Amino acid sequence: MVETYKLFDFSHTEAINLLRCLEYPWVALKDIGNFVEELGEKLNKQDYKHIAPKVWVHKSAVVAASAFFKGPCIIGEESEVRHCAFIRGNVLVGKNATIGNSVEIKNSILFDGVQVPHFNYVGDSILGYKAHLGAGVITSNLKSNKTTIFIKNGHESIYTGLRKVGAFIGDNVEVGCNSVLNPGTVIGRDTIIYPMSNVRGVVPEKCVYKNKDDIIERY
C-alpha cells in the first residue's frame, strides 16, 4: 500500500522520471529541489515565463499579484495561484491545479488537477492526481521531539531516515476540512477522509476514514 506505484498515476506529473523508479515516495523528498531546477532549465521558453530566479510559470496559468515565489518552482499549464499564496521553494505544480488564498507549500510535488484551495499547509509531501484538501487541512511534517520519522503501517514501521516528512496522498483522495495529517501519513487512492480528522500512519485505498477505529470500504 505504501509503494509509490500503488499511490500515483505517473502520467499526470512532470516528475515521472523522479518517482517511477522509487519503491517509496518519501525517498524523492531530498531530490525535489534539484529535479525542479533541472527541469525548469529545459522548459520551452515559448510556453513558460521565468518570473523570478529559478521560478517558471506557464503562460496560461493565472497568478495573483500578491502571491510569493521562491525558487526552484514550476507552476504548470492552466493552474491558478491565488491571493497571498506562499511558495517556499522546491515545488512542482502540475496542470490544472489550484493553490488557494494563504496556502503555504514547500518541498512538495502536486500532480495534475490537485486542489489545495483554502488556508492549507503542504510541506515535504506528494499529492496525487486530482487529490483535494478541504479548507484548513494541514500536512504536519515535523514531530514535536524533532526525531526521525517512521511510516507506521499496521505493526510495521518503515524507517525514512528523515526528520521532515509530510503526507503522501494518492490519486483522487478527498481530505475533509480542518483535518491534520501527521508526519509520515500515507493515504491510498480514492479514499475519503472525514472532516476534523487526526490521521496517522497508512490509510488503505478506496475507503472512508471516520477515525482510526472506524474505517470502512468505499462503495
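The structure is a predicted model, in which local features need pLDDT of at least 70 and side-chain atom pairs count only at pLDDT 80 or more, while totals for chains, interfaces and linings use all residues. Residues are numbered from 1 along each chain as its sequence is written, and side-chain values use heavy atoms, with hydrogens and water left out.

**Sheet**

- β14 and β19 belong to an open sheet of nine strands with mixed pairing, whose order is β1-β2-β5-β8-β11-β14-β19-β22-β25; strands (E, at least two residues) and helices (H or I, at least four) are DSSP runs, numbered from the N terminus.
- The edge strands of this sheet are β1 (48–52) and β25 (202–203), each of which pairs on one side only.
- Opposite F168 in β19 stands I126.
- Strands of a sheet pair through backbone hydrogen bonds, either parallel or antiparallel.

**Aromatic residues**

- Five aromatic pairs are counted, the rule being that rings of Phe, Tyr and Trp (its six-membered ring) pair if their centres lie within 6.5 Å, with planes under 30 degrees apart counted as stacked, over 60 as edge-to-face and the rest as tilted.
- The pair of Y24 and W26 is stacked because the ring centres are 4.7 Å apart and the planes stand at 10°.
- Y24 and W26 form one aromatic cluster together with F168.
- Both Y24 and W26 are buried, on a scale where buried means under 20% relative accessible area, exposed over 50%, and partly exposed in between (1.4 Å probe, protein chains only).

**Nonpolar core**

- The largest nonpolar core has 65 residues, among which W26, I99 and V116 touch the most other members; such a core is a set of buried Ala, Val, Leu, Ile, Met, Phe, Trp, Tyr and Cys residues joined through side-chain atoms within 4.5 Å.
- Helix α3 (residues 32–42) gives the most to this core, with four residues.
- Leaving aside neighbours within four places in sequence, W26 is in contact (heavy atoms within 4.5 Å) with V2, I151, I158, Y159, T160, L162, V165, F168 and V186.

**Salt bridges**

- The structure holds eight salt bridges, each defined by a side-chain nitrogen of Lys or Arg within 4 Å of a carboxyl oxygen of Asp or Glu.
- One of them joins R189 and D171, at 3.8 Å from N to O, and this pair links distant parts of the chain, 18 residues apart, with R189 in the loop between β22 (185–187) and β23 (192–193) and D171 in the loop between β19 and β20 (174–175).
- D171 is buried, with a relative accessible area of 3%, whereas R189 counts as partly exposed at 23% relative accessibility.
- R82 forms a salt bridge with E80, the closest N and O atoms being 3.3 Å apart; R82 is partly exposed, with a relative accessible area of 27%, and E80 is partly exposed as well, with 29%.
- A further bridge joins the side chains of D213 and K212 at 3.2 Å, N to O, and both D213 and K212 are exposed.

**Around T98**

- T98 lies in strand β9 (residues 98–101) and is buried, with a relative accessible area of 11%.
- Not counting residues up to four places away in sequence, T98 touches E80 and R82, along with V114, Q115, V116 and P117.

Methods. Two strands pair if DSSP finds at least two bridges between them.
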